[in-house]
Amino acid sequence: MITVSGARKSYGDFTALDDVSLEIPPGSLTALLGPSGSGKSTLLRAIAGLETLDSGRVAIAGVDVTGLPPQKRGIGFVFQHYAAFKHMTVRDNVAFGLTIRRKPKAQVRAKVDELLEIVGLEGFQHRYPSQLSGGQRQRMALARALAVDPEVLLLDEPFGALDAKVRADLRRWLRRLHDEVHVTTVLVTHDQEEALDVADRIAVLNKGGIEQVGNPVDLYDRPANDFVMSFLGSVARLGGLLVRPHDIELSRDRAAAVAADRSVPGSPGVIDAVVERVVRLGFEVRVELRAHTGERFAAQLTRAEADALALRPGDEVHARARQTQDVLEVDPALAI
Amino acid sequence: MKVSTPTRLTLRVVALGYLVVLLLVPVVLILWRTFEPGVGAFLDSVRTPAAISALNLSLLIVAIVVPLNVVFGVGTALALVRGRFRGRGVLQAVVDLPFAVSPIVVGVALIMLWGVGGWFGFVERSGFKVIFGLPGMVIATLFVTLPFVVREVEPVLHEIGTEQEQAAATLGASSWQTFWRITLPAIRWGLTYGVVLTVARALGEFGAVIMVSSGFPGVSQTLTLLVHSRYLDDHNTYGAYAAATLLMGLAVVTLLLMTVLDRKRSTR
């Protein structure tokens, strides 16, 4: 369990953290999600002790660690660019924390072997980091962080330097690893898909403050504000309201659309629009539309739906929202 | 740009000729003159008490200068790269001063500072011989060799950044442990290169050392001073050639060492 209360940090004129309080439950995998400059990395580094707060406190497992250096916080930290010890073999890298603690050789060896097996690097003990791929280096860094049995595991954009395919594989692997070792984990990312994929809790940060904390489903379906809504997944503006593109239904029959729309509370109504472009993206189809009011928006259809409608540019359709979200405040600056 | 064959050949001949006349001919000439009377004569000439004492003194100065430069060089490089303090720019410029100042000026300045009438004259007056003694020669050599370790280690420190050290800290290593286990191994090639340059420069230093040495053969002559005095004072031309060859031999060994290390560094 990690508790951050009233954390503030600024660099000159720039406020990185503005009175942030956050509680991370034990055993959870929490993602700190936000755009660059939102303060998410600063918050993580403050928990690790790699950054000192201007004010505020950090407690790990009930112990106030605000004044403690990183060495004494019982953490494991994984850096975006691996921070591999280049002059050491994989074995020595993973063993580092244990060697520092002067653990008996046999115990170190057993622990390192076990960890290398967990992260799938058995047989790589004698390689140097330069002989590993990016994904392997990051798994080595994870093993190294886990070797000291940390109270909490902190990951700073751990997959940010990897290509898309490796990144997707590795985050699923991280999820499985977390289910095995159950260590309280905090992951910093700017990738909403990554956060939704691995985390069981997400804290959305913006401009040094926390916008919303909750489980992924809640955040996606009941965003606290327009920022959270537009940051977690794409949005379309329909009749002045933000709607998920996959919640937009297109119909050629206006009367049927109006009838169906009656059952949707808070609906923006039926919008008449003209198809501008139809883009097939594998399984889904994105339809770009222009409303009669001149507003442009995009709807996301399944292939079957799109085929049934047989849409072509220039066609007249009627759009409605299948459901709307209770966004608490509407920020006109976030119109898409 | 396409260069015609005659032009290219001419350029090549000019460049090679330049190198041969400037570098190769003098060296070969000395080697030839040294070994002309046979290896025995060379060995006799470098085994005189004065020559042995000069070799020992040169090596002793190297042995004192190198560790000092390593400690302060690494410290200065760390301060320059990691430090955020007032006067960093000034320090940056001061480090290069020995490159800019002629060694003989250094010698004169040291006499003015450490000599009997100088600011630090009390040391000399108390009976501890700085000028015209070993300490003076060491200080003069330290001055001229100061930038090498700093300038070789600095870019490596820049390159490695601080992430590895932060990682070590999160794994429980103290700053001392981090320095020995992470920072030092990471900068070791730059440091070695700096040491080799320091050795070569310390062996070859002449201008600053001649000013602060009493220059007695067998007592306070380094190898460079021996070459100088044999040639000019003793008119022992052959002895000068032999001592020069010995000096060159040491330099070549350091140079070879440097090349080997450089190759090793680039393959890593």
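Me: How many helices and strands are there in chain A?

Reply: Chain A holds ten helices and 17 strands. The model is a predicted one. Along the principal axes, the C-alpha trace of chain A extends over about 80 × 45 × 35 Å.

Me: What share of the residues in chain A is buried, and what is the accessible surface of the chain?

Reply: A residue is called buried when its relative accessible area is under 20%. Of the 336 residues in chain A, 52% are buried. The accessible surface of chain A comes to about 15100 Å², and carbon and sulfur atoms account for 49% of that surface.

Me: Is A:Thr30 buried or exposed?

Reply: A:Thr30 is buried, as its relative accessible area is 1%. A case from chain B is B:Ala240, in helix α13 (residues 237-267); with a relative accessible area of 2%, B:Ala240 is buried. Beyond residues up to four places away in sequence, B:Ala240 touches B:Val227, B:Arg230 and B:Tyr231. Between B:Ala240 and B:Val46 there are 194 residues of sequence separation and a C-alpha to C-alpha distance of 9.6 Å.

Me: How is the size of an interface expressed?

Reply: Interface size is often given as the accessible area lost when the parts come together. For chain A and chain B, the buried area is about 1800 Å², with 60% from carbon and sulfur atoms. Three residues, A:Gln71, A:His87 and A:Ile100, supply 31% of the area that chain A buries against chain B, more than any other three residues. In terms of contact, 24 residues of chain A meet 18 residues of chain B.

Me: Which polar interactions does one find between the two chains, and how many?

Reply: The count of salt bridges between chain A and chain B is zero. Polar contacts across this interface number four residue pairs, with both residues at pLDDT 80 or more.

Me: Which elements of chain A supply the side that touches chain B?

Reply: β6 (75-78), α2 (90-100) and α4 (134-146) of chain A each supply at least two residues of that side. The largest share, four residues, comes from α2(A). By residue class, the side of chain A that touches chain B comprises 14 nonpolar, five polar and five charged residues.

Me: What covers the buried residues of α2(A)?

Reply: In α2(A), nine of eleven residues are buried, including A:Val90, A:Phe96 and A:Ile100. Their cover includes α3 (105-118) and α4 of chain A, together with α9 and α10 (175-204) of chain B. Just after α2(A), A:Arg102 has a positive phi of about 55°.

Me: Which residues of chain A does B:Glu163 touch?

Reply: B:Glu163, in helix α9 (residues 163-170) of chain B, touches A:Phe79, A:His81 and A:Ala83. B:Glu163 counts as partly exposed, because its relative accessibility is 26%.

Me: How many salt bridges does a search of the whole structure find?

Reply: Over all chains, the search finds 30 salt bridges. One of the pairs is A:Arg171 with A:Glu194, whose closest N and O atoms are 4.0 Å apart. A:Arg171 lies in helix α5 (residues 164-181) and A:Glu194 in helix α6 (residues 192-198) of chain A, so the pair ties together parts that are 23 residues apart in sequence. Both A:Arg171 and A:Glu194 are buried. A network of salt bridges links A:Arg171, A:Arg172, A:Asp191, A:Glu193, A:Glu194 and A:Asp197.

Me: With which residues does A:Glu288 form salt bridges?

Reply: A:Glu288 pairs with A:Arg277, the closest N and O atoms being 3.4 Å apart. This pair links strand β15 (residues 284-291), which holds A:Glu288, to strand β14 (residues 271-281), which holds A:Arg277; the two residues are eleven apart. A:Glu288 also meets A:Arg286 in a salt bridge, at 2.9 Å from N to O. The residues concerned are partly exposed: A:Glu288 at 23% relative accessible area, A:Arg277 at 44% and A:Arg286 at 31%.

How values were computed:
Residues are numbered from 1 along each chain as its sequence is written. Chains are lettered from A and ligands numbered from 1 in the order in which they are written. This is a predicted model: local features need pLDDT of at least 70, side-chain atom pairs count only at pLDDT 80 or more; totals for chains, interfaces and linings use all residues. Side-chain values use heavy atoms; hydrogens and water are left out. Contact means heavy atoms within 4.5 Å. Buried area is the accessible area (1.4 Å probe) that two parts lose on being put together, summed over both. A salt bridge is a side-chain nitrogen of Lys or Arg within 4 Å of a carboxyl oxygen of Asp or Glu. A polar contact is a pair of N or O atoms within 3.5 Å; within protein, one must be able to donate a hydrogen and the other to accept it, and residues adjacent in sequence count only if both atoms are side-chain atoms. Ala, Val, Leu, Ile, Met, Phe, Trp, Tyr, Cys and Pro count as nonpolar, Asp, Glu, Lys and Arg as charged, and the others, Gly among them, as polar. Buried means under 20% relative accessible area, exposed over 50%, partly exposed in between (1.4 Å probe, protein chains only). Accessible areas come from the Shrake-Rupley method with a 1.4 Å probe; for residues, only the protein chains shown count as cover.
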